[in-house]
Amino acid sequence: MITAITLQYIFLGLISLFFVGAIGSLLFRKNDAVTSLWSNSFAILASLAGLLFATLTYLYGHSLSFSLGAIALPIFSLSFHIDKLSAFFIFTISLISLLCSIYAIGYVTHFYKKYDLGVLGFFYHAFILGMLLVVSSSNGLFFLIAWELMSLASYFLVIYDRNDPSNIKAGFLYLVMTHAGTALILIALLLLYKFTGSFDFETIASLSGAIPLSIKNSVFILAVIGFGTKSGIVPFHIWLPSAHPAAPSHVSALMSGVMIKTGIYMMIRVFLYMLWPVPTWWGLTILVLGSISSLLGVLYALTEHDIKRLLAYHSIENIGIILLGLGSALTFTSLGLPSLALLGLTAALFHTLNHATFKSLLFLSAGWVASQTHTKNMEEYGGLIKYMPYTALFFLIASMAISALPPFNGFFSEWLTFQSLFLGITLLSLYTKWIFVLAAGSLAFTGGLALACFVKAFGITFLARPRSEEIAHTKESSFFPRLSMGLLALLCLLFGIFSGSLTWLLQTTGKDFVAFKNTASFVSVSLNQQVLIGHNFSFISLASLFILFMFIILLVIYITRFVINKNQKISMGTTWDCGTDLTGRMEISATGFSRSVIVIFKGILRPSIQHNVEYHDSESRYLAKSRSITLGIKDIYQSYFYQPLHRAINTVSVRIKSIQSGNINAYILYIFMALVVALFFVL
Amino acid sequence: MIITIVIWIIQLLFVPLASPLCIGIIRKIKARFQNRQGASVFQPYFDLWKLLHKDEVISKDASWIFEFAPYIVFTSTLVVGMSIPLVAGFINNNAGDMLVIICTLSIGTFFLALAGIDTGSGFGGFGASREMTMAALAEGGFIFSLLTMAVINNTTNLFMISQHGTVVHSQFFLSTMLAFFGFIIVMLAETARFPFDNPATHLELTMIHEAMILEYSGKKLALMEWASANKLLIFFALGSNLFFPVGIAQTPTFWGLGIGIAALAIKILLFCLAIAILESSVAKFRFFRLPDLLLISFIVNVVAIILIF
């Protein structure tokens, strides 16, 4: 029998586990091995408790509200409201943090004697706790505290590897961007407070009818920018490609896999729960933002040859895909098509879960590669599949999942997103249809480019011959990292095969909202995992596709190997080398692989080539001593958005500086003037 | 009942069994255009048989990806071959969704490109890079050309599209033709024909598909060649049954089935003839002009979708 009281106790228990883990890590910091064991096992326990809590809340079926402590201030309370949406995010966060913590037991050993593991453990716990509180709090001010806890803890994790100056710089950029975002969120919450008189999310939701439309629109813009900065929506994403790679890999996996999703959670919470019903242009704006983010994210990923930056850009792309689902949901709900909106929301939630699994798997396996080779530069990899076959297999599975290849999970959620966009194209009128066509087109190209990018990421990293000396010293992952990556890879497959049941579960999540209270479902799921959209609009069953594929491939292998020409001789030879000795330098490189795409998209990517030749004799210029080529990419958002912004702020600051004369009399005049103005307003 | 079994046998075996013949016919017609006698139309079967009985050399730099890629690539074409409408529109198939078809074909492309990189040869690597560039840009046109038909027929299931489509929608005629035009461009790109790629040479300047399979020999080369023939036939079948579903069996009768088979054969022959004429009359394009062609395909399809209302 599940009661609200039991659930409360489990929730408090898991919070206290994080506290114990965090404090204990600091207490035992003298001994690296003990600290690591302490912090990771408490993180594992707490995550298991989180999984239990989320599952029980789903079974419990109602939403859970309670407050902590006796703080009875009118506007601030430690109050929680946990409905199925929160439970879904708690589940995702706990799942990923569980597997990342298992991975960390084997992974953090290379920090021993180098950095303080107690600090790592402390901030790691604070970070996960912050994320859990963000998705469960229901008071605006309490939410902001949790949000800051999450942001600050992750900032300290980003700069954990502090001997690299670029990490410090990345951390600073992250700190600035995330606080700019928080400032906007704060303004949005204050606006809501002004018109509803409460910071409580439920009260705001019940009074949202009283908020004038113009205020709603401003809250929307502020929230999209504020939460979008956290999620990494283009053009507010500049911190993401530098901060995610800087953190230790299991933290990168958490940041990319779940932290950026808290922004998505809050968007759903604010737009569909607190401010519903919404105007149509909100959904369309989100669709446009999603299209831009997904396309630009994958294009910039293709240009990268730092493996973790490449993955970070893919997070931007996937956030774009999630936004396409969310945007279609918002558009449909404002046009009075709640069944379709539920489909779009389900697609967004499913992609959130899927992206969490395959992206954390990618970060964990890439992290193992980077910790073994001591570089994140893909040009220095090559041939790693022979040194770490398991890691390579896991990376391959995650690559297939993120490239939307069936029967892995990434395919299914992209399929659902495509379905909601296709239905929009079929049903909507001309002006909204255009936006849906644009979104579907960008999603189609994104899929193709992501495939190309992961051929590059996997091929250049793991295949062919090694391109540096370090490769020969690399080792396969140890037991715990391999266990956690193996489980994640299994989840990528299982979430795909059992996509039918999961779709059904996620739909019940959406049905918790007032917006979808009595909505007839547009998706029906049958026992063999067949998912049917609408009345025969489309249907698939990834389980049967998987069985069919496996059956045929086994048949093909059996026939070609053991039936036809059994006595075939296979000899080993060298790759065709035109009579020279092949070296690692003669293979295709990451830069070379993506060069043709870069040249094709030169309008957006602005590639630059700089030739430098140094001559033996600068007069005659015949014999070159050395030649070098520098290939570059110009960031359009840097040069057309952030630099002008930077210049404008500088110009204004210089103007303002002139009132700082250093003259006491002048300052007293300012104070007097300020006083007069203040009095004028008050009286 | 018997008819359903016959249809399923056709679904399973038609693509792998008939695809070498298509290649043979195209080569024969091209040879006649060049005033040559040309090899027999059955020559591709003999080639496959010969390759299947040869010994193999595998590069010592290669990994299990190289080893298993031919099976995966071949299987992906078989799975797609049995999930598309061939002679009958009324059977139901869980894999017959347009996106499933496109993404299952992508599995093949993915492993083909990885196998190209795996041996560490510069040819293979650049072949893979070019192939993925083309595949990425063709994806938009491919999805949208099928989407046009899906929006017209209000379903994304290919069997249902071929079933609905027998009624000629005069109001959608223009959209259908535009989508077909876009589809042809994508087809040429995906199956590595002129003006995208030259299927007849191993010259490194023109190579996309042939560069990636350069290191294969024996059975694995046979599977790779066979898979690319399958892919060509899959595109022919998609083109004939989605855009011109004339003659496809709508009811389970032997008479209807016979007409369905005959119609499919005629349509595929017409496709072979068209490809042969095209390959005899145009030159291969420069690599960086190909994106223009693929973007034209995408834009034409967008126009086609907007014209539906």
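Predicted model: local features only at pLDDT ≥ 70, side-chain atom pairs only at ≥ 80, totals over all residues.
Colleague: OK, back to the strands. How many bridges pair E3(A) with E4(A)?
Modeller: There are 3, between E3(A) at residues 523–525 and E4(A) at 530–533, in the antiparallel sense. Two strands count as a pair if DSSP finds at least two bridges between them.

Colleague: And which residue in that hairpin has a positive phi?
Modeller: Gln529(A), with phi near 65°, and the hairpin has 4 residues between its strands.

Colleague: Which strand does E4(A) join through 4 bridges?
Modeller: E5(A), residues 538–541, running antiparallel to E4(A). There, Leu532(A) has Phe539(A) as its bridge partner. The hairpin of E4(A) and E5(A) also has 4 residues between the strands, and Gly534(A) in it takes a positive phi near 65°.

Colleague: Where does His374(A) sit, by the way?
Modeller: In the loop between helix H13 (338–373) and H14 of chain A. His374(A) has a positive phi of about 60° although it isn't a glycine. Most residues other than glycine have a negative phi, and most peptide bonds are trans.

Colleague: What kind of peptide bond joins Val234(A) and Pro235(A), cis or trans?
Modeller: Cis, with omega about 5°. Pro235(A) is in the loop between H8 (213–231) and H9 (240–246) of chain A. The bond from Pro406(A) to Pro407(A) is cis as well, omega near 5°, and Pro407(A) is in the loop between H14 (389–402) and H15 (409–427) of chain A.

Colleague: New topic: the two chains. How many residues does each put into the contact?
Modeller: Chain B gives 79 and chain A gives 77, with contact meaning heavy atoms within 4.5 Å.

Colleague: What's the buried area there?
Modeller: About 7,000 Å², with carbon and sulfur atoms giving 74%. Buried area is the accessible area (1.4 Å probe) that two parts lose on being put together, summed over both.

Colleague: How many salt bridges cross that interface?
Modeller: The rule finds 2 between chain B and chain A; it asks for a side-chain nitrogen of Lys or Arg within 4 Å of a carboxyl oxygen of Asp or Glu. Arg465(A) and Asp61(B) form a salt bridge, with their closest N and O atoms 2.6 Å apart.

Colleague: Which elements of chain B touch chain A?
Modeller: Those giving two or more residues include strand E1 (56–59), helix H3 (64–82) and helix H5 (122–153) of chain B. H5(B) has the largest share, 16 residues.

Colleague: Last one: how many salt bridges over all chains?
Modeller: The count comes to 13. Arg269(A) and Asp83(A) meet in a salt bridge, at 2.9 Å from N to O. That pair links distant parts of the chain, 186 residues apart, with Arg269(A) in helix H10 (249–274) and Asp83(A) in the loop between strand E2 (78–82) and helix H3 (84–107) of chain A.

Definitions and conventions: Residues numbered from 1 in each chain as written. Chains lettered and ligands numbered in written order. Heavy atoms only, no water.
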